[in-house]
Amino acid sequence: MYRHGTTFLKYGLSLLWVMFCSSCQAQSSPPTGFMVEFIRCPDLILIKDRTPEFCWIVNSAQVGAVQTAYQVQVASTQELLQSRSPDLWDSGKVSSSISSNVVYAGKPLQEHCHYYWQVRTWNGDDQPSPFSEVQSFWTGALTEGATTANSFEVHLLEPQAIVKTGEKHFFIDFGKAAFGTLVLNIKSPKTTTLKIHLGEKLESPTSISRKPGGTIRYQQVDLEVSPDQGVYTLNLPPDPRNTGPAAVALPESLGVVMPFRYAEIENCPVELATGDVQQKVVHYYFEDDTSFFECSDPVLNQIWDLCKYSIKATSFSGLYIDGDRERIPYEGDAYINQLSHYCTDREYTIARRTNEYFLTHPTWPTEWLLHNVLLFYYDYLYTGNLESVEQNYDLLKHKTLIALAREDGLISSKSPRVNDAFMKTLGFADPKQRIRDIVDWPGSKKEVPWWDLALPQGERDGYEMVPINTVVNAFHYFNLKLMSEMATQLGKANDASFYAARAGQVKASINEKLLDTEKGIYVDGEGSTHSALHANMMPLAFGIVPDEYRDSVVKFIKSRGMACSVYGSQYLLEGLYQAGEADYALDLMTATDDRSWWNMIKVGSTITMEAWDMKHKPNSDWNHAWGAAPANIIVRHLWGIRPLDAGCKRITIEPQMSRLTWSKIKVPTIKGFVLGDFKQTSDRVTTFQLTIPANVSAEFVYDLRGKEATLDGQPMVESKGNAFSVSSGTHQIDIREL
């Protein structure tokens, strides 16, 4: 067969080498990324669910790697696991690809006990991995299906700059605002009183603003120091604005915190150096290295950093709250916070705790109530866990506001059915409260005359507030659509059919009664002749706009600019990307006028602000995560990385890079990390290098009209409608213009 023995020898040696490498790769690495009840450090808190779920990441660099089986072992001591003698549960080899939400099925767990677990997996060659490292967890008081809170973290951060500005007067800059207090490590030669200033905003390069405006934070505290003590933690007085009955209280062990970046110390008896003054920072458990983004646009890079950090910094209360003014959860704020948290950290517990909190602590805006279904649906989509949806399904039915529907399916907060009994079904403790449409916030002085701080123009783009409101009904439609999907997953076929049919009816009614077919755009509501940005961007974001009116709706939206608040920008950008308007969406995200994220950076905030600028909302603050929409828009729409199946068994990657010439990204999922590397070269070639986690498959969506593409050097085969199947592992996609 071969002319030369040397050729045969070389081929034989190469084949043996390939076989050897294949046998080495047959066995996967041990699983990592452990979670108990979605908690990554369960040894630090108390698990409350008597049948907790286990999660892990399957580790294999092989292309197409999948888990075909697993074995979980749980024991009362680590030694029992090491000797392969678990006394509580040994699942044995379970043929399944499931690597998250594996429910404990061993002997009953006891309260207030310490347990240990490990797992191994089998790959497609039926080869087992080694057992993982052992993770431990503590139980607390146990109930069925309880949601367990993750732990708080406390860090001591060194200042980036210490400047002596006068006799015994020092200015300290920690680089970023954070929720916490100040720690001093000084030995005073005599008893004296320091005057300490903490704040978020500067008056001059080395002076904190004593009157920063709005609810930007500043506080002055006196601290007595003496020769008998060396370390001092500043005891901050509570603020009446955020410690009322409705505010979320911190554990007493954490003390009082406030957001600040800068400190000034007057009458300081010693010279201050690094280590003498620290920022004691509090936030929910957060792993910075689980996400990453960088691209060719330096403005967008800074916006990503701002928004990602905002999610971390504002997590200090253990629930998604509205910033430091009230410290109250609001559903609309929490939705943006939730999506952005999923995109910046592999963290799911704070979202679930917040979602369940809203069921008994609702807020008054109609649209905020219509965020509940969205919150629960995306919890399910990103985790694959239906437990919370199933337990609260009947309450979620009420949150759709379907009880207010007319014969045509449209709803109104002005319905006579909004009575005490109805308000009770929504979870209001005071049934005398009433819901009110919000559209966006703040409204104009004319729209909200009871609010002295309302501006003449507001953030509603002149929206006409009529009883049958287009924005409200767009949300209602989306609620019904998602309820149908969740009912299907719960096996409630009749409900699924009902909600799907009702969603179709509401969509048809919106397009029949709220769409001006002559102008090709939506009016603000039934009987209105005015068309605001919001009345059009919401139907676009929720997939309501008929194909024949998509261009006219998009054209109108683009004529309005950023005529919405930081909250509304979430839906504006979602709608634009879904319509393929990536160029305009990127222009809005990277704009440098006073209605932009760049403006937040320019004015000095290091956490996203409640409004684009103080002049747009005079009482706003500088620590509001509802302004962090780009943290999820960049991941879910610019890169287009989203779950296709619940629990991310399948994902989609639908990049819309616009004018970017390169970008790198790392995105956390419950099953591992998606890596992307994009380059646009000068020879009309676009390259994507993608790493898909083991046990996950992807659909790469890209319009190849006028182009040809290869996947790992082979022609890409379209599976359906510009979608191409990509298995786990690392792949290179090259797209060349013809």
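**Close-up views of a predicted model**

**View A. Helix 7 crosses helix 11 with left-handed geometry.** The structure shown is a predicted model. Helix 7 comprises residues 372-383 and helix 11 comprises residues 470-489; the two pack with an axis-to-axis distance of 9 Å and an angle of about 40°. Helix 7 and helix 11 are therefore oblique to each other. On the side of helix 7, the contact is formed by V373, L374, F376, Y377, Y378 and Y380, which meet F475, F478, N479, L482, M483, E485, M486 and Q489 of helix 11. Sorted by class, the residues in this contact are eleven nonpolar, two polar and one charged.

**View B. Y377 is a residue of helix 7.** What is the relative accessible area of Y377, and does this make the residue buried or exposed? The value is 9%, and because buried means under 20% relative accessible area, Y377 is classed as buried. When neighbours within four places in sequence are set aside, Y377 is in contact with L482, E485 and M486. For the pair Y377 and M486, the C-alpha atoms are 7.1 Å apart in space, while 109 residues separate the two in sequence.

**View C. Helix 4 and helix 18 form a left-handed crossing.** Two packed helices are described by the angle between their axes and the distance between the axes. For helix 4 and helix 18 (residues 630-638), the angle is about 60° and the axes are 8 Å apart. Helix 4 is therefore oblique to helix 18. Helix 4 contributes I336, L339, S340, C343 and T344 to the contact, and helix 18 contributes A631, N632, V635 and R636. The class composition of this contact is five nonpolar, three polar and one charged residues.

**View D. Helix 13 and helix 14 approach with their axes within 9 Å.** Helix 13 spans residues 533-541, helix 14 spans residues 550-560, and their axes cross at roughly 130°. This angle makes helix 13 oblique to helix 14. The crossing of the pair is left-handed. Residues L533, N536, M537 and L540 of helix 13 make the contact with R550, V553, V554, F556, I557 and R560 of helix 14. By class, seven nonpolar, one polar and two charged residues take part in the contact of helix 13 with helix 14.

**View E. W89 lies in strand 5, which consists of residues 89-90.** W89 has a relative accessible area of 12% and is therefore buried. Which residues are in contact with W89 once neighbours within four places in sequence are left aside? They are F54, V72, Q73, V74, V102, V103, Y104, A105 and G106.

**View F. D126 and R327 are non-glycine residues with positive phi.** Most residues other than glycine have a negative phi, and most peptide bonds are trans. The phi of D126 is near 60°, and that of R327 is about 55°. D126 belongs to the loop between strand 8 (114-122) and strand 9 (135-143). R327 belongs to the loop between helix 3 (298-313) and helix 4 (331-344). D126 counts as partly exposed, at 43% relative accessibility, whereas R327 counts as buried, at 5%.

**View G. The peptide bond joining W441 and P442 is cis.** Its omega is about 0°. P442 is placed in the loop between helix 10 (420-425) and helix 11.

**View H. The whole chain, given for context, has 18 helices and 33 strands.** Its radius of gyration is 28 Å, close to the 27 Å that the globule rule gives for 738 residues, so the chain is as compact as a globular protein of that length. Taken along the principal axes, the C-alpha atoms fill a box of roughly 90 × 80 × 60 Å. Of the 738 residues, 58% count as buried. Among contacts with a separation of 6 or more, 71% are between residues 24 or more positions apart.

Definitions and conventions
Residues numbered from 1 in each chain as written. Predicted model: local features only at pLDDT ≥ 70, side-chain atom pairs only at ≥ 80, totals over all residues. Heavy atoms only, no water. Axes fitted to C-alpha atoms, helices over the stretch in contact; angles between N-to-C directions. Helix = DSSP H or I, 4+ residues; strand = E, 2+ residues; numbered from the N terminus. Parallel < 35°, antiparallel > 145°, perpendicular 65-115°, else oblique. Left-handed = near helix turned anticlockwise from the far one by under 90°. Contact = heavy atoms within 4.5 Å. Nonpolar A, V, L, I, M, F, W, Y, C, P; charged D, E, K, R; others polar. Buried < 20%, exposed > 50% of the residue type's maximum accessible area, 1.4 Å probe, protein only. Rg over C-alpha atoms; globule rule 2.2 N^0.38 Å.
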